[in-house]
Amino acid sequence: MNQKLAALTRPDGEGPGRLYVAGLGAALVASLVVVWLVSEDPLLAAIYGGGVLVLAAAVAAMRQLQLPAAVHDLAPPDWSVTVAAIEQPGMAVAITDRANRLTCANTVFDDWFGSGISPPGLPLQRPCLEKLTRVAREAWRDGRAEARDLRRTDGEMGWHAEAIRAGRGDDYLIWRITEAGPADVSKEISEWLAGAFGAQLSRAGIEAALVSPDGMIRAAGRGFAERASGDPAATLAGQEFVTQLRSDDREQIFFAREGRKGPPQTLVQVPLDDPSASGDTQSASLMLLLESGMGLGSSGEGSGTAATPQLEALLGALPLGLAMADRDGRFLFGNQAFLRAVGREGQDIPQYPADLVVREDKGALSDAVRRFGKGPANNGDMAIRLRTQPDDPVSLGLAGVRGLGEAAVLLSLTDSSEETKLKRQVAQATKMQAVGQLAGGVAHDFNNVLTAIIGYCDLMLLRHTPGDSDYDDIQQIRANSNRAASLTRQLLAFSRQQTLRPEILQLPDVLSEVSQLLKRLLGEKITFSVRHDRDLGAVRADPQQLEQVIVNLAVNARDAMQSSGDGTGRLTMATRRVSAKDIRKMGSDIVPVADYTVLIVQDTGGGIPQELIGKIFEPFFTTKEQGKGTGLGLSTVYGIVKQSGGFIFADNVAGKNGSPGGAQFTVYFPVHRGEAPKAKEIAPEQPASEWSGGGRVLLVEDEDMVRAVAERSLVRAGYSVTTASDGEEGLAAIANDGAFDLVLSDVVMPGMDGPTMVKAIRKLTPTMPIIFMSGYAEEQLRKEIDIDDMHFVAKPFSVQQISEKVGQVLSLGSPK
């Protein structure tokens, strides 16, 4: 396009410029002829022609002089050059306009965020997203702004961001985004060595240098620089550490500049956990040089015994968790940072390092300490599980040291207790928040359905008597609905981690109660069988939650068998008596030695992939396709079993006699040896309401089926009922004809919810009795709803329950 515009303005008339000149001449001649014919005055035509020629010449001159520059100014920017210029490894660069639209971005930005997102709309936590939005505003206003420590939505450390205003008209923002990593320990130590701390070490006779994994010096104290080069201000960074030292035939170490004229040195290497190594298996090291002549005995040989207190003073001043052990593996010293890291702050250090770890790691740690203490001087690390944090492995660094008397092994451990505690709290809070939200939603929706089912069953039972052909079927529907309601309540209880209501019971009795339900759940293609041992011990557990364990395991097995092959299979449930002697023979480190009653659930569904067995009890983990599994079934089972004092294990078993193999779940319940607890005194039930005067009730419920059941129940009990489908309709009913004796309302409704409506009603009628009906827990609702003198009825409710509750509240009279 630029070439075409330039060709039209060429002064030599080449190319399309000739067309321009020819067209201009033809137009001039035609205009002259027209003027002469119209005016019939040759003089006027000549004057007109001369003026047009002068004007055409001026226009041509202006085009020749100005258009090329204008065309050059209008040339569009070449963004490919910009993209090539902003390509930087490890840094995401993006350019946005004033509408926050992505104009250009480099490859790193596309890899991290994709091309469909632009700053400040990055995937950050809400506070960090607001911080990044402020950066954009400040950059447009001040020309530059930045934000640090932006955390991603998953809670992990995210990025640092910087925005700079740029462009001819300041119409663009250049964003530079880098990953935020943990603190660089090496950088901090470099600053210490260059400051007063390094000078204090030199006065104590200890020279120090920070050395990278490739052997190059990163930083050195002034004393080390003076002895290595003769100039305390010399910069040794980038030089090889080993070139600053030399050794003689007795393997004594000296500074290379001093040679044997200087005192021999003892070299101590302290490995650092350097996060800036970017995944390198090695790490930087703090090299300490101590004069071997310190504390020489009368014989003139360095015993090294005086070096240990000196080294203890040094290690005690460092913020790293460091300890020393002798060749036999006994602790000699541990600084406060080390004691804090192992969870023994304010206590004495134990005799052996193995006393700090769980039983499974004791042998490996003891062998490693002795190996580093007696072998050649080297270093390494190993993963251990501390007794104070058995679920979170940590990395323990070990280094063999020589020439320090009794000290033979240096142990290093970073104090990550606060970080680990914070991560665990965040993860647990996130999981439980999600479980609570899911449980609340399920309870609300499912309890609405159950309310309608139970209500209609009650209404049908009023028209049927025992002995009718449909009476037993209706009772069965009602019984199963009540069981479903019980499971819903248990889901809520699990999400809140409430205390169980255990009873002394026999496992076969519980299995017998749910057998019929299990057969219906499994279907006709799956064979279900139950086997029991004799002389089974009683267990102490919540019967309703124990039923939920059995149902969840059965449904999980059914889904596995239906997804493999033709959908046929066999589910076997067995109870076994396992004595303490049997447990002792098993040699389990998890199950304590005691008598157990064991429930075994085995299917023929092909088993669980070995790499997934360790994850199946995690919340929200599921192997089912999207939309067909919540991932809460086995995690609920695990929680109930653990809360009951039991243990659950999953394994795969091979098939027998040509039958396919499958998964086997083994649940251990400790046998209850104490006497059955005395029955708790049951508070006398409130007498049935004697209210018989009827009354006007405003019923507000968004679910049609629940509203219909409640209305029929109350009308049957003699009340006059006005219904509304949401809070707005309820307020309108009060405003139009507010002579109601009671308001019965749902809590969660679209638009205006129940509590908001009730607060508005109380402003008009302060003494109006209120009953809330909901599937949520009453305790939770009373904490969230700040309304005085309110009553509660839990969903699902029966016809009798809702009628009695309304009568009971009306009989109390108006609240004071």
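Ile477 is partly exposed, because its relative accessible area is 45% (buried means under 20%, exposed over 50%, partly exposed in between, with a 1.4 Å probe and protein chains only). Ile477 sits in helix α14, residues 471-496. The model is predicted: local features need pLDDT of at least 70, side-chain atom pairs count only at pLDDT 80 or more, and totals for chains, interfaces and linings use all residues. Residues are numbered from 1 along each chain as its sequence is written, and side-chain values use heavy atoms, with hydrogens and water left out.

**Nonpolar patch**

- Helix α13 gives the largest share of the patch, three residues.

**Asp458**

- Asp458 is in helix α13, residues 417-461 (helices are DSSP runs of H or I, at least four residues; strands are runs of E, at least two; both are numbered from the N terminus).
- Asp458 counts as buried because its relative accessibility is 11%.
- A polar atom of the Asp458 side chain lies 3.0 Å from the backbone nitrogen of Val799.
- Leaving out residues up to four places away in sequence, Asp458 touches Arg478, Ser798 and Val799 (contact means heavy atoms within 4.5 Å).

**Aromatic rings**

- Rings of Phe, Tyr and Trp (its six-membered ring) pair if their centres lie within 6.5 Å; planes under 30 degrees apart count as stacked, over 60 as edge-to-face and the rest as tilted.
- By this rule there are eight aromatic pairs.
- Trp192 and Phe197 form an edge-to-face pair, because their ring centres are 6.3 Å apart and their planes stand at 65°.
- Trp192 is partly exposed at 28% relative accessibility, and Phe197 is partly exposed at 23%.
- Tyr596 and Tyr668 also pair edge-to-face, with 5.8 Å centre to centre and 90° between the planes.
- Tyr596 lies in strand β21 (residues 596-602) and Tyr668 in strand β23 (residues 662-670), so this pair ties together parts that are 72 residues apart in sequence.
- Tyr596 is buried at 3% relative accessibility, and Tyr668 is buried at 10%.
- Phe109, Trp112 and Phe113 make up one aromatic cluster.

Terms used:
A polar contact is a pair of N or O atoms within 3.5 Å; within protein, one must be able to donate a hydrogen and the other to accept it, and residues adjacent in sequence count only if both atoms are side-chain atoms.
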